[in-house]
Amino acid sequence: MSFDELLRRVQQRLTAYQQAGTATIVTGESSLAEAAELWRAAQPPDPGSITPEEVRRLATARHALGWLFLMRCGASLAGPFQLELARAIVFLAPVAGDAASVPEPVRAVLGPNSDFDQQSDLANEFLRVARTSDDPYLLEAVILLLTEAVEAAPAVHPRRAGILNDLGVAHTRRFERLGRPADLERSIEVGEQVVAAPAAPSERAKHLNNLGGAYQMRYAQSGMTADLERSIEVGEQAIAIGSADDPLRAERLCNLGISYRERFGRTGIAADLDRAVELGEQALATAPDQPGSDRVNRAVILTGLGGTYHERFERTRAAADLTRAVELGEQALAATPPRHPHRAVMLSKLSGAYDRRFERNGVEADLERAIQLAEQAVAAAAAGDPHRPGMLANLAVGYLRRVRRTGVGVDLARAVELGEQALAATPQDHPNRAGILSGLAAAYRERFERTGQGVGPDTLRTLAAQTASATASTPQMRVHAAGIVGVLAHALNANAIAVQSLDAAVAMMPLIAPREGTWEDQEYTLGEHPGLVGEAVAAHCAVGDYAGAVEIAELGRGVLLAAQIDSRTDLTDLAEAHPELAGRFRQVRDRLAAPTSRDDIPAIGVIEDRKRLWGEHDEVLTQIRQRPDFARFLLPPRLADLQPAAAEGVVVLVNASLHRSDAIIVANDASPVHVPLPDLTLEDTLSRTRDLLAATHGASPLVGALRRRRLFADLLAWLWTSLVEPVLHALPVVDEEPLPRVWWLPTGVLGLFPLHAAGLPGQAGALDRVVSSYTPTLRALAYARARPATTTRHQLTVALTRTPGLPDLPGSVTEAIALRSHHNDARALVDEDATTAHVLAALSEATWAHFACHASADPVAPSRGGLHLHNGTLPLPDISRLQLPNAELAYLSACSTAHGGARHADESLHLASAFHLAGYRHAIASLWPLDDDIAASAAAAFYRHLPGTATAGDAATVLHSVIRNLRAEHPDRPDLWAALIHSGP
């Protein structure tokens with residue numbers, strides 16, 4: 001139908017309504033259909049080159065449609081008349097220059113005779129309605145009206161600041177709906193003008209809050225720290241000057257809490273997250289919850305606070321935080337109208353909290369509720385909703401969890417189907433694309449493990465390529481995706497793809513722990529990928545690349561230790577030689593490691609910023625590697641560079657993975673020797689890990705002793721037959737005096753086991769064939785070897801028989817006396833003298849240190865572990881930061897000083913490694929808590945047999961002899977003597 005015919009129909013409808021006054025003439029669906037057709041017909045074919053005739057048609061259509069919506073407004077007395085009036089304003093505004101063409105009912109707000117006060121009042125009404133409606137014409141009308149009002153209002157008019165503030169709010173809300181960066185820029189520009197103008201405290205508080213929200217959103221798009229800091233700055237100002245009974249105080253507290261939560265996500269500062277919870281709870285207590293109150297605003301506060309508690313749970317694993325997150329999410333849902341534009345997102349977030357609680361507690365009702373909510377979220381989201389792919393992926397996770405619990409095939413098919421739908425709906429440059437790929441790969445792998453149905457080679461190659469190209473996602477997300485795709489490929493015997501994907505994942509590990517974060521934050525982030533290095537090692541072994549297996553293990557294990565040893569992957573040397581390049585690389589790496597917005601909307605700023613950053617990352621790397629001596633910067637260390645660490649013996653890498661287990665023997669002057677370990681399975685290893693931890697760290701003293709008697713004989717026999725004996729059989733020389741040296745380099749949870757004590761009851765075992773030591777990486781061993789041995793011995797002994805709040809250790813006095821008898825000049829800090837300050841001061845002068853005291857190891861956050869002294873804990877990070885160039889040996893006669901927990905096993909973060917980082921070449925430590933009497937006698941024997949020299953080169957051999965003697969005294973109690981280990985050259 002032609003434009004003229006469509007225009008005639010609309011005009012006839014207007015005339016008929018004016019004559020008859022029958023509302024249905026203009027309120028029926030047919031009138032809207034005609035209006036839409038007319039507007040489409042009026043559009044010029046080439047918007048960049050509009051002819052005068054096309055300009056006329058647009059103006060004519062606008063005038064007719066403006067009148068139509070104005071009449072619909074008058075006819076909708078019982079309906080949402082503001083929506084129709086907003087449409088009329090939007091269509092009429094561009095043609096309102098001629099006063100005669102403006103309908104009389106809207107002349108006060110449109111055209112040459114408009115009044116800025118009335119424009120502002122109407123815009124305020126539209127803004128109010130827009131809070132619960134997603135109709136785009138409302139905000140469009142607000143911005144048109146207030147833009148004119150700002151131009152018309154005198155510069156010193158008392159309403160001008162309020163008009164500017166409302167204009168900024170409208171631009172912010174339109175940005176939230178449409179994602180146009182220009183709206184956010186305009187909102188901040190207007191907001192800064194508003195806060196610069198004088199205003200009453202209550203009004204200024206409102207203006208500051210709105211400006212803070214805009215900066216908060218821009219930070220989510222750009223990742224610029226300055227935006228986040230400005231958001232917090234103005235937010236705190238708004239809270240400080242606002243009155244306690246301000247009706248908007250709850251909203252301001254909520255917004256400021258969100259900013260603190262965002263800063264926590266970037267820096268890992270726990271105080272920021274606690275502040276976010278505090279502010280959120282204050283907001284909730286302030287927000288009214290009575291009939292007639294703004295329950296939608298309260299729902300927003302509930303949702304934000306629930307998300308904060310959920311995030312804090314992820315860091316602390318405190319069940320109360322997750323319970324609170326679920327509780328708040330349910331309250332938010334109950335307070336949200338069924339058709340509210342944010343309801344689908346609320347449903348999805350609450351589903352995630354239930355899913356996480358199911359994962360923690362295994363309560364089936366939580367899983368069913370998670371699936372129910374996720375289904376509702378998908379149903380509530382429109383087909384083009386930018387959140388929809390994430391919702392589909394979350395629903396797929398729910399079905400995948402349920403199939404793992406019930407084995408129901410229809411759930412598995414549904415999980416795969418949803419994962420494929422989510423990927424198909426996700427743009428190539430979406431920030432969450434790597435996460436969507438992870439979920440789909442996990443579903444494919446689950447299907448293969450259960451049914452044998454894999455994916456074709458083309459599908460697998462495409463999946464791997466898409467994962468590699470998901471550069472809009474964070475490194476953390478990309479590591480996870482590449483790891484899962486690699487494991488899937490390995491399961492399907494596509495080992496070349498497995499190696500490629502897993503190597504890419506491991507290579508990004510140094511990028512995922514932001515430099516500005518605390519050690520605890522970094523270890524948490526790295527701990528999110530347990531088993532990744534082991535799977536990469538297994539993939540290399542599957543293709544016969546044993547040198548590559550050693551190299552990838554070296555790159556991915558002990559990332560934080562490597563960061564301390566060579567100041568974050570060679571950056572110290574680079575900074576000295578090329579400071580400008582080092583600075584650029586640091587900046588790019590840290591920007592990449594920063595989290596994106598917690599919203600699923602693919603903001604253009606985020607996408608383009610990450611593309612640019614990854615391109616700059618690759619460009620800077622290329623420039624660095626072109627410099628002399630930096631050709632291997634951030635590349636996996638080559639085996640030839642690592643082999644010298646194995647001088648005087650061999651290093652044995654041992655690995656258990658999902659599909660195979662292997663050992664690789666590394667010697668100084670020979671090719672690596674591969675030893676298959678078919679009897680070692682990851683499932684068995686994890687089961688025995690749980691048993692070991694329960695017996696050594698989780699039971700009461702009585703139950704623990706009984707359990708250990710039953711456990712250890714079987715454990716040492718299993719270690720011998722499945723792992724240690726095959727390795728020793730492959731060694732060229734064993735059980736000849738002097739016994740050969742072996743440095744065990746176990747991956748994953750194998751690092752929690754006493755490999756050095758493996759053996760069958762009553763038969764010769766590892767203790768009879770080799771002298772064992774441990775090392776987290778070859779680089780760490782090389783670092784210890786390279787440090788010059790001390791030439792003088794200054795002994796420090798720290799002994800606490802009584803520690804406030806902990807059981808007495810009477811054996812510690814025996815250890816101190818024994819040391820004093822061998823070294824009369826030894827300095828002793830005993831009981832009340834053993835404070836953190838005294839110990840740190842004494843360590844700066846000592847070359848040998850002996851600790852006979854309580855210690856703690858935190859399996860969730862190893863950096864929280866430390867030595868318990870008289871006035872508190874000397875934490876692991878404080879020890880590692882010491883710089884002790886002449887340090888030789890640290891004997892840690894305390895509980896679990898070589899235990900870093902299962903979650904962070906590949907990082908080897910424990911007290912022994914902390915003392916190595918401080919400068920000690922040798923460390924004697926324990927894998928689990930020691931019996932007090934055994935610890936004292938072992939220490940006395942060690943020092944009695946050690947040569948009285950300044951160096952501790954015989955430490956491993958002497959400790960080996962001590963352990964063998966203890967075994968002879970307590971042959972049926974390996975739990976008493978198998979815990980002691982040596983690390984160092």
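Reader: What do the buried residues of α17 pack against?

Author: The buried residues of α17 pack against α15 (319-334), α16 (343-361) and α18, where contact means heavy atoms within 4.5 Å, and helices (H or I, at least four residues) and strands (E, at least two) are DSSP runs numbered from the N terminus. This is a predicted model in which local features need pLDDT of at least 70 and side-chain atom pairs count only at pLDDT 80 or more, while totals for chains, interfaces and linings use all residues. Residues are numbered from 1 along each chain as its sequence is written, and side-chain values use heavy atoms, with hydrogens and water left out.

Reader: Which residues in α17 are buried?

Author: In α17 the buried residues are D366, L367, A370, I371, L373, A374, A377 and V378; buried means under 20% relative accessible area, exposed over 50%, and partly exposed in between, with a 1.4 Å probe and protein chains only.

Reader: What span does α17 reach from its first C-alpha to its last?

Author: With 17 residues, α17 reaches 24 Å from its first C-alpha to its last, close to the 24 Å expected at 1.5 Å a residue, the expected span being 1.5 Å times one less than the number of residues.

Reader: Why is H387 called buried?

Author: H387, which has its place in the loop between α17 (364-380) and α18 (388-406), has a relative accessible area of 11%, so it counts as buried under the 20% limit.

Reader: How many aromatic pairs are there, and what makes two rings a pair?

Author: Rings of Phe, Tyr and Trp (its six-membered ring) pair if their centres lie within 6.5 Å, and planes under 30 degrees apart count as stacked, over 60 as edge-to-face and the rest as tilted. By this rule the count comes to ten aromatic pairs. One of them joins F712 and W928, which lie 4.8 Å centre to centre with 50° between the planes, and is tilted.

Reader: Why is the pair of F915 and Y920 called edge-to-face?

Author: The ring centres of F915 and Y920 are 5.6 Å apart and the planes stand at 65°, so the pair is edge-to-face. F915 is buried at a relative accessible area of 0%, and Y920 counts as buried at 1%.

Reader: How do you know that R57 lies over the face of F3?

Author: A charge sits over a ring if NZ of Lys or CZ of Arg is within 6 Å of the ring centre and within 35 degrees of the ring normal; R57 lies over the face of F3 at 4.9 Å from the ring centre.
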